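Please read the following report with the sequence and the model side by side.

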Amino acid sequence: MTKPPRKHSKPLLGEADALLRSRPRRRRDPDQPNLPLDPMPDRIEPCLALLKARPPKGDDWVYEIKWDGYRLAVHIEPTGIRILTRGGHDWTDRFPAIKQAALWLPVGTAILDGEAVVLDEKGRSDFGLLQQSLGGRGGKKSSSDAIFMAFDLLYFDGHDLRKSELDVRRHLLEDLVPAGEQGDIRLSEEIEADGDQLLASACEHGLEGIIAKRRDAPYRSGRLGDWLKVKCVQSDSFVIVGYERSTVARAGIGRLLLAARKGDELVYVGGVGTGFNERSAAELWEEMDKLIIGKPAVDTGRKRNAVFVRPELVAEIEYRAWTHDGKLRHASYKGLRARVDDAAVYELED
């Protein structure tokens with residue numbers, strides 16, 4: 001159940017930043033000009049993390065845990081709360097607990113960047129549990145289990161913060177969402193550590209990986225290298241182009257056939273036959289049954305008992321490596337990506 005945040009024993013910002021307050025402490029001097037306010041953006045394209053094999057070195061970088069969920073922007077506006085997906089879809093009604101927690105934040109207007117997650121019994125984010133809480137792919141349920149891990153503040157009480165350095169944005173965010181709070185909006189805490197040691201620890205505890213962010217960088221939309229992600233196990237999105245039938249596997253799905261992008265083309269990258277449970281297999285079969293086509297959309301080689309589908313479904317796949325001929329090794333199915341999540345399909349290098 002959502003709990004209101006504790007009362008702050010100190011003001012949200014220090015005296016030096018008093019002009020950023022939603023409610024000034026004393027009357028404004030009429031001889032002092034008004035500080036111009038920035039218009040509140042209707043939507044901000046998110047800053048995306050660039051995948052790297054190793055953490056960066058140097059004091060210019062700070063680290064966070066990588067969360068496995070749905071990227072969201074929480075807009076606190078004069079007219080109410082809006083919760084937008086990465087692709088710009090309004091999912092306010094899907095996250096009622098996060099909406100209520102946003103109403104309790106001590107701020108007039110703000111845009112918070114973060115991730116909706118569902119935590120397992122060990123406190124790790126679990127993408128499958130999040131999907132289940134929302135009724136599966138294409139489901140319309142509201143999630144009472146999802147919480148919002150806030151990791152950036154893009155707009156604050158009339159001021160657009162995107163040109164400010166990360167350290168400045170984080171300072172304001174940490175006053176708004178204090179570390180250690182256990183409500184439905186929580187702070188994704190920065191961790192002061194050696195990147196290699198933190199990655200090793202994250203992998204040891206079964207986490208997905210870590211995020212590195214440049215301290216002095218402004219907030220720039222797109223995948224420009226200000227934020228980097230380093231994963232314990234590779235996990236990427238691939239297009240489903242068909243499946244091989246099975247008489248013993250759940251829902252008759254023996255193996256999904258997958259493709260990645262290469263320029264404007266799709267290229268077959270192998271299959272995945274593990275990671276399904278009874279529920280996810282039934283969901284997959286129901287979705288694929290609507291998309292069956294006579295000929296494969298990509299060249300999959302000779303396949304026995306194969307059923308081909310239009311390349312519209314995107315699956316999140318965990319894998320260990322690539323084979324010499326460009327196929328996934330030790331792949332495991334994690335779940336279907338919702339269309340509104342606007343997941344980027346894996347791009348093969350030319």
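Is Arg 169 buried or exposed? Arg 169 is buried, with a relative accessible area of 0%, where buried stands for under 20% relative accessible area, exposed for over 50%, and partly exposed for what lies in between (1.4 Å probe, protein chains only). The model is a predicted one, in which local features need pLDDT of at least 70 and side-chain atom pairs count only at pLDDT 80 or more, while totals for chains, interfaces and linings use all residues. Residues are numbered from 1 along each chain as its sequence is written, and side-chain values use heavy atoms, with hydrogens and water left out.

## The chain as a whole

The protein chain has five helices and 19 strands, which are DSSP runs numbered from the N terminus (helices are H or I with at least four residues, strands are E with at least two). Of its 350 residues, 48% count as buried. Among the contacts with a separation of 6 or more, 68% join residues 24 or more positions apart, a contact being heavy atoms within 4.5 Å.

## Salt bridges

The structure holds 22 salt bridges, each defined as a side-chain nitrogen of Lys or Arg within 4 Å of a carboxyl oxygen of Asp or Glu. The table lists some of them.

| Asp 113 | Arg 71 | 2.8 Å |

Asp 152 is buried, at a relative accessible area of 0%.

Asp 113 forms a salt bridge with Arg 71. Here too distant parts of the chain are linked, since Asp 113 belongs to strand 5 (residues 110–117) and Arg 71 to strand 3 (residues 70–77), 42 residues apart. Asp 113 is buried at 3%, and Arg 71 is buried at 11%. In the remaining row of the table, Arg 82 counts as buried at 18% relative accessibility, and Glu 77 is buried at 16%.

## Around Lys 213

A network of salt bridges links Glu 64, Arg 170, Glu 174, Glu 190 and Lys 213. Lys 213 is found in strand 9 (residues 209–214) and counts as buried because its relative accessibility is 2%. Leaving out residues up to four places away in sequence, Lys 213 touches several residues, including Asp 60, Trp 61, Glu 64 and Phe 151.

Trp 61 has its place in strand 2 and counts as buried at 10% relative accessibility. The C-alpha atoms of Trp 61 and Asp 216 are separated by 8.7 Å, although the two residues are 155 residues apart along the chain. Asp 60 is found in the loop between strand 1 (50–51) and strand 2 (61–65), and is partly exposed, with a relative accessible area of 48%.

## Two positive phi angles

Asp 157 has a phi near 45°, a positive value in a residue other than glycine; Asp 157 is found in the loop between strand 6 (147–156) and strand 7 (159–160) and is buried, at 10%. His 330 has a phi near 50°, again a positive value in a residue other than glycine. The place of His 330 is in the loop between strand 18 (328–329) and strand 19 (332–337), and His 330 counts as exposed at 57% relative accessibility.
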